[in-house]
Amino acid sequence: MTPLGRSGVEVTPLGFGAAALGNLYTPVSDEQAHAAVLAAWQRGIRYVDTAPHYGLGLSERRLGAALRAYDRAHWTVSTQVGRRLEPADAADDDLAEGFAVPAAHRRVWDFTADGIRRTLEASLARLGLDRVDVVYLHDPDGHAEQAFREGYPALEQLRSEGVVGAIGAGMNQAEMLTRFVRDTDVDVVLCAGRYTLLDQSAAAELLPEALRRGVSVVVGGPFNSGLLADPTPRATYDYTRAPRELLHRALRLKEAAERHGTTLRAAALAFCAAHPAVASVLAGARSAAEVHDCADQWEATVPDAFWRELHETGLLPPDPPVVRELP
């Protein structure tokens, strides 16, 4: 287990991202969701992240139902705030937001102090828990002023009250997360998709700044939403169809991995985990088979010669750290 900043909350180096339990892209049955959590337990994964956004609360409900089979003390659970769910007409589906669920609720951006508390209370009810360990401000990109002026102080108050153990922000960008690291007392930031084999933008400022200030980084989206798991013409990158040039790059990475007797998935996970600022890597999974595969890839050895080839061919810049120092 790895501590998050100075909070005392600990996470496993490999975490379980539960967005798919909210029917991301396509439906997942209750049985599949439960089996995925069981597989995570079997493979030693004890950190799981969810959010109201994921399937309009479905991910939280399914995760909570699955966690009832375990001693709560054995799991570290994080959820996210900033999008309140309000009842809505369910005539449509939620596929425009990426989830195959009825649109029985609508998302309302709300980073006010009252909104933060209301959203967290609703999450706890869906999860069936009396507490979560970590709370992130979720995607405050277009709401920076309110997030820093009201949302962050609300989380700080919840932490001081002992309602949550660690606080932070989760985003698909590095710039604003760097501001959170510099200008607030967050314990952790969740950076999705910006420190991967295809995008190292978080390495410029966020990761070094987090290291200097003792703030932990959780890396989400190690496969860039699919392209680094299975680079095919139908693969997704940042939740949309992958651009042709990135698909070509991912295929070159896959070929290099296979030449060195490993897999692109193993390399993608190993790369994210190698930076000393990174406390955990969140891998999304929608089934027990996917969880077991992630755990297998996590445990696989990625040869030094593979990283050397990536540096020599320009598939990786020379400076990001890899699994061990290269000669």
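1. Buried here means under 20% relative accessible area, exposed over 50%, and partly exposed in between, with a 1.4 Å probe and protein chains only. By that criterion Leu-56 is buried, because its relative accessible area is 4%. Leu-56 lies in the loop between strand 4 (47-49) and helix 2, where helices (H or I, at least four residues) and strands (E, at least two) are DSSP runs numbered from the N terminus. The phi of Leu-56 is near 55°, a positive value in a residue other than glycine.

2. This is a predicted model, in which local features need pLDDT of at least 70 and side-chain atom pairs count only at pLDDT 80 or more, while totals for chains, interfaces and linings use all residues. Residues are numbered from 1 along each chain as its sequence is written, and side-chain values use heavy atoms, with hydrogens and water left out.

3. A positive phi, near 65°, is also found at Asn-23, a residue other than glycine. Asn-23 sits in the loop between strand 3 and helix 1, and it counts as buried because its relative accessibility is 7%. As background, most residues other than glycine have a negative phi.

4. Asp-199 belongs to the loop between strand 12 (188-192) and helix 6 (206-213), and at 15% relative accessibility it counts as buried. Once its neighbours within four places in sequence are set aside, Asp-199 is in contact (heavy atoms within 4.5 Å) with Gly-193, Arg-194 and Tyr-237. Between Asp-199 and Pro-140 there are 59 residues of sequence separation and, C-alpha to C-alpha, 21 Å in space.

5. Helix 1 and helix 2 (residues 58-67) pack at an angle of about 55°, with their axes 9 Å apart; the axes are lines fitted to C-alpha atoms, for helices over the stretch in contact, and angles run from 0 to 180 degrees between N-to-C directions. The two helices are therefore oblique to each other, given that angles under 35 degrees count as roughly parallel, over 145 as roughly antiparallel, 65 to 115 as roughly perpendicular and the rest as oblique. Asp-30, Ala-33, His-34 and Val-37 of helix 1 make the contact with Arg-62, Leu-63, Ala-66 and Leu-67 of helix 2.

6. Helix 2 also meets helix 3 (residues 113-127), the axes coming within 7 Å and crossing at roughly 45°, so helix 2 and helix 3 are oblique to each other. On the helix 2 side the residues are Glu-60, Arg-61, Leu-63 and Gly-64, and they meet Ser-123, Arg-126 and Leu-127 in helix 3.

7. For helix 4 (residues 144-160) and helix 5 (residues 175-183), the packing angle is about 30° and the axes are 12 Å apart; these helices are therefore roughly parallel to each other. The contact is made by Ala-144, Phe-148 and Tyr-152 of helix 4 with Met-176, Arg-179 and Phe-180 of helix 5.

8. In helix 9 (residues 288-299) there are twelve residues, of which Val-291, Cys-294, Ala-295 and Gln-297 are buried. Seen down the axis of helix 9, the buried residues fall within an arc of 165°, so they line one face of the helix; the arc is that of the directions from the helix axis to the C-beta atoms. Ala-289 and Glu-299, on the other side of helix 9, are exposed. The cover over the buried residues of helix 9 includes strand 3 (14-17), helix 1 (30-42), helix 8 (264-274) and strand 16 (278-284).

Terms used
Expected span 1.5 Å × (residues − 1).
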